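Here is a briefing on one protein model. Keep the sequence and the 3D view open as you read.

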Amino acid sequence: MWRDPEKIKNWTSADASELYGINKWGADYFSVNQKGDVVVTPLGKDKGPQISLHEIAKEVEDRGLSMPVILRIENILGSQIKLLNETFRNVIKETGYQGEYKGVFPIKVNQQEQVIETITKYGKKYNHGLEAGSKPELIAAISMLDNREAYIICNGYKDEEFIDLGLNAVKMGFKCYFVVEVPGEIDVILDRAKKLRVKPMLGLRTKLTTQAEGQWSESGGDNSVFGLTISQMIDVIDKLKEEKMLDCLHMLHYHIGSQIANIRDIRAGAMEACRVYEELVKEGADMQIMDFGGGLAVDYDGSNTNYHSSRNYSTEEYCYDIVESIITVLDKNNIPHPTIITESGRAIVAYYSVLLFNVLDISSFVPHPIPEVLPETTNDLIENLIATYNMVAPKTIQECCNDVLFYRNQSRQLFKHGQISLREKALAENIVRHILIKISKLAVTLKHVPRDVHYIDMLLHNIYYGNFSLFQSLPDVWAIDQIFPVMPIHRLAEPPLNPAIISDITCDCDGKIDNFPDYDHDKKLLMLHDLKENEEYYLGVFLVGAYQETLGDLHNLFGDTNVVSVYVNDDGTYEVAQELEGDYVADVLEYVEYDVKAMKNRLKALAEDSIKKEFITPKERKQILDSFNEGLRGYTYYEKE
Ligand SMILES: Cc1ncc(COP(=O)(O)O)c(C=O)c1O
């Protein structure tokens with residue numbers, strides 16, 4: 001489609017929407033306006049205000065914050081919390097379910113203070129609580145959650161200090177639950193509870209046999225590391241009975257993985273857990289709550305399938321499956337319906353953040369013209385390539401594909417063995433490019449295209465160098481081949497004509513994005529525009545609010561990016577709710593334990609020595625020391641003069 005001359009001639013922003021699939025993965029929060037800018041509608045499509053991301057990016061730079069920037073759109077967080085809570089409420093009403101829904105947000109999914117603050121603000125109305133998996137997360141939860149009706153769920157391995165923190169929260173009136181994850185934990189909890197004279201609130205994490213497909217399948221099943229086997233659960237129950245504390249056990253919890261793409265796995269897990277819950281009631285425990293863990297997926301590629309970067313269900317279907325599983329299992333024995341908790345993290349925060357960056361340069365695929373007079377060579381490689389170029393025609397397209405790939409390989413071999421020079425290799429590469437382009441252009445006009453042409457298309461890409469670090473801002477792209485939607489945030493009324501992959505500015509060959517949601521041409525390439533002189537070209541990576549900020553690292557010492565949080569007003573204006581400056585060079589050096597003061601002193605001594613040796617003048621010494629100090633105060637990413 002992208003080489004179709006008719007399409008290119010009549011291009012509109014609607015074609016761009018189709019090309020990048022924004023109406024599929026944008027969840028009605030993101031779309032393209034007529035002018036060709038990506039706009040955000042935080043209350044949903046056709047509902048309320050609309051803001052251009054390009055306008056925001058320009059204002060951010062005018063304010064002096066350089067790219068890359070994490071842009072957070074506060075109201076989206078509010079909309080996602082509302083969506084989950086109100087969908088559960090509607091399903092509960094529709095099905096006549098007797099319990100209620102009270103979600104918790106797992107802090108690990110995005111621990112930033114501003115994120116937790118915004119979640120507790122929007123979640124208050126629904127008594128949406130927090131999940132903590134460590135002591136610092138529990139301290140954050142207790143200090144941020146100004147609502148005693150909401151739950152604090154403590155998962156993970158717990159030492160005495162962790163347990164004391166939770167018990168003190170119970171003393172202060174919080175509904176703070178310890179989920180017993182490993183057998184030894186119960187003794188410590190009971191011991192500390194006796195010492196602090198407080199009745200603990202307890203849950204058990206069960207290891208289900210159900211395993212969900214996808215990246216996190218090991219979180220469920222017999223080999224999962226957390227959770228109690230059925231016989232370990234029996235041991236804990238016996239211990240509680242012995243201590244006359246079975247009335248402290250109110251909750252069953254399980255988690256079989258994040259990003260569960262297939263609704264059948266969600267239903268299977270829920271049904272199995274409900275059976276365990278039923279048995280706990282029969283054992284005499286005062287059961288009141290079922291915690292279904294995380295797993296509610298995000299449709300990153302917009303395909304609405306059970307592919308690992310998608311999900312084959314809606315939020316409504318998810319809620320129905322959970323509620324109906326409970327009703328189906330528990331109603332048989334007239335067991336009261338429990339309060340439902342889900343620890344949905346990804347689905348709450350993913351849409352809220354967009355990574356914005358500018359493109360610094362392009363390594364282009366466009367070849368130089370073929371010289372009219374060819375240099376004399378000692379072998380027939382160049383002549384063969386020219387003959388192949390002249391031979392490209394509908395009937396010979398397969399043969400030309402074979403030949404060009406053969407001669408491309410031959411030129412490499414000849415160079416390795418010293419049989420052609422650097423210039424001859426450059427010329428051969430250039431002619432190869434001309435042949436590939438000619439084949440690729442011809443293929444568009446043919447009804448039946450040989451399969452090899454698709455491979456040839458893959459060789460025809462440009463590299464766009466983006467001002468960001470994949471390892472800092474999109475670690476899951478590197479670690480687990482996560483797919484995120486990526487697209488330009490402006491110029492979308494112009495046809496993008498360059499197939500591209502994106503490289504970051506770390507000097508690591510893994511620092512690239514070369515897998516995109518399944519856009520219509522080929523998912524391995526992204527169509528992008530030429531750069532214009534004196535005009536920034538901005539790209540956005542969408543749906544990055546979950547896990548990316550917390551897992552990012554300092555590879556190549558690229559630090560935290562600038563963060564800008566905006567709140568979109570009802571009248572279509574927006575306010576910058578918060579600006580956070582990213583790391584300075586001195587900050588990242590200190591993170592890896594450099595003593596910046598000592599570094600400055602060492603440089604001074606080196607400069608002094610250079611004067612003595614007459615390498616530099618005293619004036620040059622000043623310039624060198626000034627630029628060193630300025631470097632330490634600079635942003636770690638590429639900055640404009
Ligand atoms: C125990 C637990 N709860 C909740 C979550 C959050 O999962 P998700 O982001 O898929 O909602 C996780 C993450 O894997 C987890 O380990």
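The side chains of arginine 72 and glutamate 549 form a salt bridge, with 2.6 Å from N to O. Arginine 72 sits in strand β4 (residues 69-73) and glutamate 549 in helix α20 (residues 548-551), so the pair ties together parts 477 residues apart in sequence. The model is predicted: local features need pLDDT of at least 70, side-chain atom pairs count only at pLDDT 80 or more, and totals for chains, interfaces and linings use all residues. Residues are numbered from 1 along each chain as its sequence is written, and side-chain values use heavy atoms, with hydrogens and water left out.

**Salt bridges**

- A salt bridge here is a side-chain nitrogen of Lys or Arg within 4 Å of a carboxyl oxygen of Asp or Glu. By this rule the count is 36.
- Helices (H or I, at least four residues) and strands (E, at least two) are DSSP runs, numbered from the N terminus.
- Are arginine 72 and glutamate 549 buried or exposed? Both are buried. Buried means under 20% relative accessible area, exposed means over 50%, and partly exposed lies in between (1.4 Å probe, protein chains only).
- Arginine 205 and glutamate 181 also meet in a salt bridge, at 3.1 Å from N to O. Arginine 205 is in strand β9, while glutamate 181 is in the loop between β8 (175-180) and α9, so this pair ties together parts 24 residues apart in sequence. Both residues are buried.
- Lysine 512 and aspartate 514 make a salt bridge of 3.8 Å, N to O. Lysine 512 is partly exposed, because its relative accessible area is 31%. Aspartate 514 is partly exposed too, with 29%.
- Salt bridges with shared partners link Lys35, Asp37, Glu55 and Lys58 into one network.

**The largest pocket**

- On a 1 Å grid over the protein atoms alone, a pocket is an open set of points with protein on both sides within 12 Å along at least five of seven lines. A cavity is a set of points where a 1.4 Å probe fits but cannot get out. Lining residues have an atom within 4 Å of a point.
- Grid points are joined across faces, edges and corners, and a volume is the space filled by probe spheres set on the points.
- The largest pocket holds about 870 Å³ of space.
- Its lining has 37 residues. Ala27, Tyr29, Ser79, Gln80 and Leu83 lie nearest the centre.
- Which element gives the largest share of this lining? The answer is α5, with eight residues.
- At least two lining residues come from each of α3 (22-25), α5 (74-95), α13 (346-349) and β20 (562-568).
- By class, the pocket lining has 18 nonpolar, nine polar and ten charged residues. Ala, Val, Leu, Ile, Met, Phe, Trp, Tyr, Cys and Pro count as nonpolar, Asp, Glu, Lys and Arg as charged, and the others, Gly among them, as polar.

**Cavities**

- How many cavities of 30 Å³ or more does the structure hold? There are four.
- The largest cavity has about 70 Å³ of space. Its lining includes Tyr254, Asp265, Phe292 and Tyr318.
- Two or more lining residues come from α11 (263-282) and from α12 (315-330). The most come from α11, with three residues.
- The lining of the largest cavity has seven nonpolar residues, two polar and one charged.

**Backbone details**

- Most residues other than glycine have a negative phi, and most peptide bonds are trans.
- The peptide bond from methionine 67 to proline 68 is cis, with omega near 0°. Proline 68 is in the loop between α4 (53-62) and β4.
- Asparagine 304 has a positive phi, near 55°. This residue is in the loop between β11 (289-291) and α12. Asparagine 304 counts as partly exposed, because its relative accessibility is 49%.
- Leucine 543 has a positive phi as well, near 65°. Its place is the loop between β19 (538-541) and α20. Leucine 543 counts as buried, because its relative accessibility is 0%.
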